[in-house]
Amino acid sequence: AGQRDAEPAGGSRPTDGWGPGETVVDNYGLLVRPGTAPGEHTLRIGLYDGVTGARLGVSSAEGALGDALDLAAIRVTPPASPPPAGALGIETPSRARAGGLALLGHNLHRLVFDHEPLGAPQPGEGLGLVLFWERQEGETAGDALALSLRDGRGRVAWQGEMRILGGAYPPESWGPGEVVRDAQVLALPGDLAPGAYTLHLALPGEGGPGVRLQRVEISR
């Protein structure tokens, strides 16, 4: 739902300069982005290799804790009015509609590299897709989405299914005009052939290839 990546102390205390047993005070501000879904969220911290993006393991005296540490539960409340479109940070606008939902646009980046252009991701790499939705009049057709990568002839090279916000906040419970930021993770298959593709999104209740989001160039 939100993330901030940085080296400790604003970049002034990188971890390779720490001494054994040293304590480093590291203050962070984390923005609750406009459009963040209301409800319970978990504040989570982790470390990763800044070159490869690989997450590092977390452990305690009791044993391994995975690749992140949960710090606190945070409840996000709905805003008094929907945020303006200019506050959302939409990089690729859209006005596609399906029933009572409108897709305002999307952002697409390599995972943990959302400060950089997409470039040419490699097979097996993870991508972060953020979809921006607006609740409109009319019945919704649920929250099921279908994604596909298609080659120049329209053939499906990869496809996957997901739900808006993982099903945690269904569109039928949104208020009129409510705007929601929906962060998704796409795992590219490791055997995906290099080349040019287009990313398509089928909205709830739609068939066929759906909305063309953008071109994706897969490198070797």
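1. Leu165 sits in the loop between strand 9 and strand 10. Its phi is near 55 degrees, a positive value in a residue other than glycine. Most residues other than glycine have a negative phi, and most peptide bonds are trans. Strands here are DSSP runs of E with at least two residues, and helices are runs of H or I with at least four, both numbered from the N terminus.

2. Basis of the values. This is a predicted model, where local features need pLDDT of at least 70, side-chain atom pairs count only at pLDDT 80 or more, and totals for chains, interfaces and linings use all residues. Residues are numbered from 1 along each chain as its sequence is written, and side-chain values use heavy atoms, with hydrogens and water left out.

3. Ala9 also deserves a look. Phi of Ala9 is near 55 degrees, a positive value in a residue other than glycine. Ala9 belongs to the segment before strand 1. Its relative accessible area is 29%, so Ala9 counts as partly exposed. The cut-offs are under 20% relative accessible area for buried, over 50% for exposed, and partly exposed in between (1.4 Å probe, protein chains only).

4. Overall architecture. The chain has zero helices and 12 strands. Read from the N terminus, the elements run β-β-β-β-β-β-β-β-β-β-β-β. The C-alpha trace spans about 60 × 45 × 35 Å along its principal axes.

5. Burial and surface. Of the 220 residues of the chain, 35% count as buried. The accessible surface comes to about 12,800 Å². Carbon and sulfur atoms account for 52% of that surface. The areas come from the Shrake-Rupley method with a 1.4 Å probe; for residues, only the protein chains shown count as cover.

6. Contact range. Take contacts in the chain between residues at least 6 apart in sequence: 62% of them join residues at least 24 apart. Contact means heavy atoms within 4.5 Å.

7. Ala72 gives a local example. Ala72 lies in strand 4. At 35% relative accessibility, Ala72 is partly exposed. Leaving aside residues up to four places away in sequence, Ala72 touches His41, Thr42 and Leu43.

8. Salt bridges. The structure holds seven of them. The criterion is a side-chain nitrogen of Lys or Arg within 4 Å of a carboxyl oxygen of Asp or Glu. One of them joins Glu40 and Arg75, whose closest N and O atoms are 3.3 Å apart. Glu40 lies in strand 1 (residues 39-45) and Arg75 in strand 4, so this pair ties together parts that are 35 residues apart in sequence. Glu40 is exposed, at 53% relative accessibility. Arg75 is exposed too, with a relative accessible area of 55%.

9. Two further bridges. The side chains of Arg13 and Glu22 meet at 2.7 Å, N to O. Arg13 is partly exposed, at 28% relative accessible area. Glu22 is partly exposed, at 35%. Asp151 forms a salt bridge with Arg155, the closest N and O atoms being 2.9 Å apart. Asp151 has a relative accessible area of 21%, so Asp151 counts as partly exposed. Arg155 is partly exposed, at 48% relative accessibility.

10. Nonpolar patch. Ile45, Leu65, Leu69 and Leu71 make a nonpolar surface patch of about 340 Å². Patch residues have over 30% relative accessible area and no salt bridge; like charges are joined within 9 Å, and nonpolar side chains (Val, Leu, Ile, Met, Phe, Trp, Tyr) within 5 Å. Leu65 is found in the loop between strand 3 (63-64) and strand 4 (69-76). At 41% relative accessibility, Leu65 counts as partly exposed.

11. Charge over a ring. Arg110 lies over the face of Phe113, at 4.5 Å from the ring centre. The rule asks for NZ of Lys or CZ of Arg within 6 Å of the ring centre and within 35 degrees of the ring normal.

12. Pro170 and Gly21. Pro170 is in the loop between strand 9 (156-163) and strand 10 (179-187). Pro170 is partly exposed, with a relative accessible area of 25%. Pro170 and Gly21 are 149 residues apart in sequence, and their C-alpha atoms are 47 Å apart in space.
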